[in-house]
Amino acid sequence: PSQDMIYKTVQFDFKLAQNRGGKMADVEETIKRIQTHKGVLGVVVVNSSGAAIKSTLDAEQTAKYSGLLTQLTGKARSIIRELDATNDLTFVRIRSKKHEIMIAPDKDYILIVIQDPNNEQ
C-alpha cells in the first residue's frame, strides 16, 4: 500500500514536471514531495548523458545508482522498442529484498527513487 502510494506520487509528480517544461524548480519541488514519504531512501535525477544533476544520496551512491540505472533504462527502452517500434518505455519498477527502485525515464531526464519496501507507514 505505501509503496503504491509512492509509485503513484512519483508518476504524477514527474508527469507534472514534464508538462511544465521540466524546469529545475519543478524538479526540486518533485524531489521534496517524494522525500516526504516514509521509506524513501533517496532520489536521483540524471540527465540524458547519464550524469546526475540532483541527488539526495552521497556522491558514491549517486554515481553507482545513476551509472547502473541509466544503463538499465537504456536497455529496457531498447527492448520495448524492439518488441514494438511504436512503443516507448514510461516506467520501470524493480523490487529486491532490501530496496524498491522506481525509474521514470523522459526524453531529457531520468528520475530514480530508492525506497525501503519494508518500511510501512
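These notebook entries record what I looked up in the structure.

**Basis**

I worked from a predicted model, in which local features need pLDDT of at least 70, side-chain atom pairs count only at pLDDT 80 or more, and totals for chains, interfaces and linings use all residues. Residues are numbered from 1 along each chain as its sequence is written, and side-chain values use heavy atoms, with hydrogens and water left out.

**Entry 1: the sheet**

I began with the strands, taking helices (H or I, at least four residues) and strands (E, at least two) as DSSP runs numbered from the N terminus. Two strands are said to pair if DSSP finds at least two bridges between them. I found an open sheet of 5 strands, in the order S2-S1-S5-S4-S3, with antiparallel pairing. Strand S2 (52-55) and strand S3 (92-95) form the edges, each pairing on one side only. On average, neighbouring strands of this sheet are turned by 15° against each other, direction ignored; for such angles, axes are lines fitted to C-alpha atoms, for helices over the stretch in contact, and the angles run from 0 to 180 degrees between N-to-C directions.

S1 and S2 run antiparallel and are joined by 3 bridges. Val45 has Lys54, in S2, as its bridge partner.

**Entry 2: the nonpolar cores**

I looked up the nonpolar cores, each a set of buried Ala, Val, Leu, Ile, Met, Phe, Trp, Tyr and Cys residues joined through side-chain atoms within 4.5 Å. Buried here means under 20% relative accessible area, exposed means over 50%, and partly exposed lies in between (1.4 Å probe, protein chains only). The largest core has 13 residues, of which Tyr65, Leu69, Ile101, Ile103, Ile112 and Ile114 touch the most other members. At least two residues of this core come from each of S1, H3, strand S4 (100-105) and strand S5 (109-115). Another core, of 11 residues, lies apart from it and includes Val27, Val40, Val43 and Phe91. In soluble globular proteins, nonpolar side chains tend to be buried together.

Beyond four places in sequence, Ile101 is in contact with Tyr65, Leu69, Val92, Arg93, Ile94, Ile112, Val113 and Ile114.

I turned to Thr73, which is found in helix H3 (residues 59-83). Is Thr73 buried or exposed? Thr73 has a relative accessible area of 2% and is therefore buried. A polar atom of its side chain lies 2.7 Å from the backbone oxygen of Leu69; a polar contact is a pair of N or O atoms within 3.5 Å, where within protein one must be able to donate a hydrogen and the other to accept it, and residues adjacent in sequence count only if both atoms are side-chain atoms. Leaving aside neighbours within four places in sequence, I listed Leu89, Ile103, Pro105 and Ile110 as contacts of Thr73.

Ser66 is also found in helix H3. Ser66 counts as buried because its relative accessibility is 5%. Which backbone oxygen does the side chain of Ser66 reach? The oxygen belongs to Thr62, and the separation is 2.7 Å. Residues up to four places away in sequence set aside, Ser66 touches Val44, Val46, Gly50, Ala52 and Ile112.

**Entry 3: salt bridges**

I applied the rule that a salt bridge is a side-chain nitrogen of Lys or Arg within 4 Å of a carboxyl oxygen of Asp or Glu. The count comes to 4 salt bridges.

Glu29 and Arg33 form one of these, with the closest N and O atoms 3.4 Å apart. Both residues lie in helix H2 (residues 24-35), 4 residues apart, about one turn of the helix. Glu29 is partly exposed at 37%, and Arg33 is partly exposed at 29%.

Arg81 and Asp88 meet in a salt bridge at 3.2 Å, N to O. Arg77, Arg81 and Asp88 are linked in a network of salt bridges.

Arg93 and Glu100 meet at 2.7 Å, N to O. Arg93 counts as partly exposed at 34%, whereas Glu100 counts as buried at 2%.

**Entry 4: Gly39**

Finally, I located Gly39 in the loop between H2 and strand S1 (40-47). Gly39 counts as buried, with 9% relative accessibility. The C-alpha atoms of Gly39 and Asn119 are separated by 5.1 Å, although these residues are 80 residues apart along the chain.

Key
Contact means heavy atoms within 4.5 Å.
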